[in-house]
Amino acid sequence: MKVEMIRRFRWLRASLLLLLLSSAGSVLAQGESLSGKTYNTLTDVQEMMAEDRLGDAFNELSELRDEVDPDTMDEAMVLQMLGYVEMSRDNYPEALQYMRASLDIGKLPEQMKVELGYMVAQLYAMQEQYDEAITFALEWFETLEDPKPPQLMFMANLMAQTDRYAEALPYAERAVEISEKPQESWYQLLIASSFQIEDYQKSARYLRAVVSGWPDNAQYWEQLASVYMMLDDQQKALATLQLAWRHSVLEKENSIRSLVQLAITEGIPDRGGRFLERALEDDLVPSDESYLSLLVNAWSTAREYDKAVSALQALAQETGQGDPYLRIAGIRVEQARWNEAVSALRNAQSMPVEQPGQVWLTLGIALTEQENFEDGLEALRKARAYDDTREQASGWLKYAESLRRQQRWQSRNNS
């Protein structure tokens, strides 16, 4: 907020001559009691300020102040100008004193009071005297018959700066309501304030507005999806991330991961797999163990088994582990594609695996189903040596031996 104040002051210095000249001229036009000498001196002072002769301007005004009658329009205008001179010299406490004194006289025209009051409140805020700023700003704001959006947003920013988020919202909401083209920063304040008071329904409403007005900003889409997740509305979160994907603005790894995970949990894992496959191709996410595992999950859940096998092969190459090949074998066993299962298990055996007993067990099953009983029985005996597969391997050994005896009996009788 302080940076915004400084920018505003720089702009004011550049346009100060025009502002004060038009203000003084309007006073005369309205028949107010500003003397000709005061008006001429103020005009001379403006020229000094334009030439950056601020010390001369201050001295001229100080002399004029001693000459004018107290509690008059002349004194109010001189004090106002002294305040602007001190503001231009970055003497903000002194500027505040002069401006407050000018307002206290009560002789300034309404529009001039509004502008000066606005400036006083901003000076307090710029010096981080927020309590004083709010006290004055509230009094000043009450004098406004028809507050304009910038004035409303000043109040909103002031309240938000002091963590009074619930009070900031009505000002910002009104500014957006009456403005033909609300600024992006106004919505940002609405989003932040509503989030701080945990009114996530409002946060979602304002985020929908910014993704509509500024659709190229990925952060807004991501924030909206996060808010929907906080509201326990996964379908809307997924829809939001899908729209962001279609707009080609989804950038963060976490957001892409969320998109894929939501697609899986919401019953469209094939779409999640396509999202992630494209993200990997476009280098939006790294081809590491984490994302390859997620791709496997997506394709497996979608029952796209050939694609799951391809992802598992990539995962094995990435990790240097044989466990993905064991999973490939499991898929091929379910499909009764025994040769491919055996090939995957042989690959698994050539690499480190967490469950060697499971590899031998699955290999024994696949070989038995191929009626390769000698190799199958040998694999099952090795599987029986491991605690986690001993029981299953024993059962399959009995079954395999039974099948072998049956095969031998049939061979003898057929011969």
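1. Asp90 is found in the loop between α4 (73-88) and α5 (92-105); helices here are DSSP runs of H or I with at least four residues, numbered from the N terminus, as strands are (E, at least two). Its phi is near 65 degrees, a positive value in a residue other than glycine. For context, most residues other than glycine have a negative phi. Asp90 is partly exposed, with a relative accessible area of 44%; buried means under 20%, exposed over 50%, and partly exposed in between (1.4 Å probe, protein chains only).

2. A word on provenance before going on. This is a predicted model, where local features need pLDDT of at least 70 and side-chain atom pairs count only at pLDDT 80 or more, while totals for chains, interfaces and linings use all residues. Residues are numbered from 1 along each chain as its sequence is written, and side-chain values use heavy atoms, with hydrogens and water left out.

3. Glu198 also has a positive phi, about 60 degrees, although it is not a glycine. Its place is in the loop between α10 (184-196) and α11 (200-213). Glu198 is exposed, with a relative accessible area of 57%.

4. Now the rings. A search of the whole structure finds 11 aromatic pairs. Rings of Phe, Tyr and Trp (its six-membered ring) pair if their centres lie within 6.5 Å; planes under 30 degrees apart count as stacked, over 60 as edge-to-face and the rest as tilted. One of the pairs is Trp140 with Phe154, edge-to-face at 6.3 Å centre to centre and 80 degrees between the planes. Trp140 lies in helix α7 (residues 130-142) and Phe154 in helix α8 (residues 149-161), so this pair ties together parts that are 14 residues apart in sequence. Both Trp140 and Phe154 are buried.

5. Phe141 and Tyr171 have ring centres 5.3 Å apart and planes at 90 degrees, so they count as edge-to-face. With Phe141 in α7 and Tyr171 in helix α9 (residues 165-178), the pair ties together parts that are 30 residues apart in sequence. Phe141 is buried at a relative accessible area of 13%, and Tyr171 is buried at 18%. Tyr118, Trp140, Phe141, Phe154 and Tyr171 form one aromatic cluster.

6. The charged end of Arg89 sits over the ring of Phe58, 4.8 Å from its centre. Arg257 lies over the face of Tyr291, at 4.5 Å from the ring centre. The criterion is NZ of Lys or CZ of Arg within 6 Å of the ring centre and within 35 degrees of the ring normal.

7. Next, helix packing. The axes of helix α12 (residues 218-230) and α13 come within 7 Å and cross at roughly 170 degrees; axes are lines fitted to C-alpha atoms, for helices over the stretch in contact, and angles run from 0 to 180 degrees between N-to-C directions. That makes α12 roughly antiparallel to α13 (over 145 degrees; under 35 is roughly parallel, 65 to 115 roughly perpendicular, the rest oblique).

8. Which residues does Thr389 touch, not counting residues up to four places away in sequence? They are Gly357, Gln358, Leu361 and Ala383. Thr389 is found in the loop between α21 (373-383) and α22 (390-414), and it is buried, with a relative accessible area of 0%.

Methods
Contact = heavy atoms within 4.5 Å.
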